[in-house]
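Dear colleague,

I am passing on the structure below, and my notes on what was found in it follow directly after.

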Amino acid sequence: MLDVRGLKKVYEGSGRRVEAVRDLTFTVDAGELVCLVGPSGCGKTTLLRCMGGLLTPTSGEVLLEGRKVSGPPPGMAFVFQEYGRSLFPWMRVGENVELPLKQKDLSKARRRELVRDALESVGLADAVTAYPWQLSGGMQQRVAIARALAYEPRVLLMDEPFAAVDAQTRADLEDLVRGLWRERGITILFVTHDIDEAVYLGERVIVLSASPTVVQEQLKVDLPAGRDQLHTRVDPRFAELRTHVYEQIQAAKRGVGQPGPKSSVE
Amino acid sequence: MRGENVALGAAGLAAFLALGEAVPRLGLVKEAYFPPTSRIAEALADEVTDPAFWSALGDTLTGWALGLAIAVCAGVVAGVVVSVVPYLREATASTIEFLRPIPSVALIPLAVLLYGTELKSVLLLVVYASFWQVLIQTLYGVQDVDPIAEETARSYGLGTWARVRHVLWPTALPYVMTGVRLAAAVALILAITAELVIGAPGLGRQIAVAQTSQAVPEMYALIVVAGLLGLLINVGARTVERRALAWHQSVRGEVAV
């Protein structure tokens with residue numbers, strides 16, 4: 001579904017050369033929910049922007065359903081961390097959700113239906129006529145998620161979407177994403193710096209090394225599909241997995257690399 | 001609180017008018033050059049019944065509105081094009097910085113040479129003065145586009161035109177509105193100046209005529225009208241701004257969530 005092959009991104013400017021991503025190769029299967037986690041400043045955002053066609057990689061390529069990504073591909077939606085800047089304050093919630101649909105060849109009735117359905121899915125059906133700045137942070141990020149859902153993407157890229165909301169809202173939003181994923185069968189790539197969040201949400205966790213970035217480890221999360229904040233987080237298996245990811249991240253920070261094969265925790 | 005402010009404002013104005021009445025009456029200044037408020041009010045009442053006054057007012061407003069409209073359209077289009085086309089901003093920056101500070105009144109001889117005392121003369125000066133106000137504000141406004149908003153629009157496949165319309169234009173609008181408000185005030189100044197100096201029909205020419213014919217109270221009455229016009233234009237521009245930018249931080253204030 002989504003192939004990243006030998007991706008490398010070097011920023012050059014004013015005499016400085018920064019190698020943000022050195023050599024990344026991994027795949028995401030159709031319908032999978034994969035979490036990318038890594039130490040801060042490891043190029044997660046750069047990677048995601050390359051995958052979304054917003055940045056051109058220095059070398060390597062990203063393939064979506066076998067086709068090379070050279071610009072923002074249709075069928076892919078992006079949810080940014082900065083919801084306040086990603087939603088347009090001059091448009092009402094309904095208009096924000098509808099705007100991307102206007103680029104598609106859809107009837108007005110169909111657009112309305114998609115907007116209503118998406119806002120219902122995130123529990124904001126009655127906020128259609130509000131402005132984003134009249135809503136709380138968590139609600140604004142829900143609107144951004146609704147905008148992505150209405151676009152009917154096959155792949156959803158989420159760049160640390162819950163980093164700026166409070167812990168309780170965050171738990172709600174995590175459950176929302178899991179719920180939507182199970183309901184709609186979208187392929188989701190979720191970038192986070194929060195290890196617990198990565199293990200709680202993902203079916204698979206890809207641990208990245210510190211910059212210059214390579215894949216440190218890939219880990220299958222063998223927790224039951226039905227997860228909830230109360231029980232999953234006290235599950236001994238959850239604790240093992242998060243400890244393992246934590247150790248990997250610490251190793252990554254120290255620069256102890258063991259890139260390559262998938263491993264599983266024994 | 002609000003009522004108190006209105007009352008204070010009214011009291012201040014009344015005191016000012018009373019001072020204008022008292023100073024010439026007490027002989028502090030010559031009545032011939034500075035008539036008391038009541039004489040000016042009388043002259044104003046006379047003017048209002050004179051059709052020539054209304055046609056002069058109409059001429060001034062025509063020059064103002066037409067000139068402002070041309071300047072706003074040209075300023076906005078030029079500002080967006082200069083910002084969007086690569087390298088154009090850098091290439092035009094020095095030229096803009098050279099042309100912008102030229103005072104519009106310095107172009108009066110040119111206007112007379114080209115168009116004599118026609119409306120076109122007024123338009124030339126009005127457009128030149130207000131164009132730069134709008135252009136500069138538009139250039140600043142376009143630069144203010146949030147990279148995240150721009151990336152959001154790109155990631156959802158919005159093309160260049162859709163991004164200009166849905167992202168760039170709303171971002172620049174608060175700046176453009178400031179430019180239009182400044183331009184509206186400048187345009188009135190230039191319209192009256194042009195009429196006064198060149199003799200194109202309008203309030204400015206009426207003021208010059210009143211002065212040369214020693215009709216001093218009438219001259220003051222016309223000056224008062226010009227002042228009121230400026231006041232109305234500013235209030236009008238602010239109202240339009242508030243309506244158009246209801247979503248903007250500067251207008252919406254702090255919202256309780």
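Where is the place of B:Tyr87 in chain B? The residue sits in the loop between α3 (51-84) and α4 (88-99) of chain B, where helices (H or I, at least four residues) and strands (E, at least two) are DSSP runs, numbered from the N terminus. B:Tyr87 has a positive phi of about 70° although it is not a glycine, and it counts as exposed because it has 7 C-beta neighbours inside 10 Å. The classes used here call a residue buried if 20 or more other C-beta atoms lie within 10 Å of its own, exposed if 12 or fewer, and partly exposed in between, with C-beta atoms placed from the backbone.

Before going further, please note that this is a predicted model, in which local features need pLDDT of at least 70 and side-chain atom pairs count only at pLDDT 80 or more, while totals for chains, interfaces and linings use all residues. Residues are numbered from 1 along each chain as its sequence is written, and chains are lettered from A and ligands numbered from 1 in the order in which they are written.

Chain A contains nine helices and 10 strands. Its radius of gyration, taken over C-alpha atoms, is 18 Å, which agrees with the value near 18 Å for a compact globule of 266 residues under the rule of 2.2 Å times the number of residues to the power 0.38. The C-alpha trace of chain A spans about 55 × 50 × 35 Å along its principal axes, and 45% of the 266 residues count as buried. Of the contacts in chain A with a separation of 6 or more, 70% are between residues 24 or more positions apart, a contact being two residues whose C-beta atoms, placed from the backbone, lie within 7 Å.

The 10 strands form an open sheet of mixed pairing, in the order β5-β4-β1-β2-β10-β9-β3-β8-β7-β6 of chain A, where two strands pair if DSSP finds at least two bridges between them. The edge strands are β5 (67-68) and β6 of chain A, each of which pairs on one side only. Strand β6 (residues 76-79) of chain A points A:Met76 and A:Phe78 one way and A:Ala77 and A:Val79 the other way, and all are buried. β6(A) runs parallel to strand β7 (residues 155-159) of chain A and is joined to it by four bridges; in β7(A), A:Met158 is the bridge partner of A:Val79.

In the loop between α5 (137-150) and β7 of chain A lies A:Glu152, whose phi is near 50°, a positive value in a residue other than glycine. A:Glu152 is partly exposed, with 18 other C-beta atoms within 10 Å.

As for the two chains together, the contact takes 21 residues from chain A and 16 residues from chain B. On the side of chain B that touches chain A, the elements that give two or more residues are α7 (147-155) and α8 (160-198) of chain B, and the largest share, six residues, comes from α7(B). By class, that side of chain B has nine nonpolar, four polar and three charged residues, where Ala, Val, Leu, Ile, Met, Phe, Trp, Tyr, Cys and Pro count as nonpolar, Asp, Glu, Lys and Arg as charged, and the others, Gly among them, as polar.

With best regards
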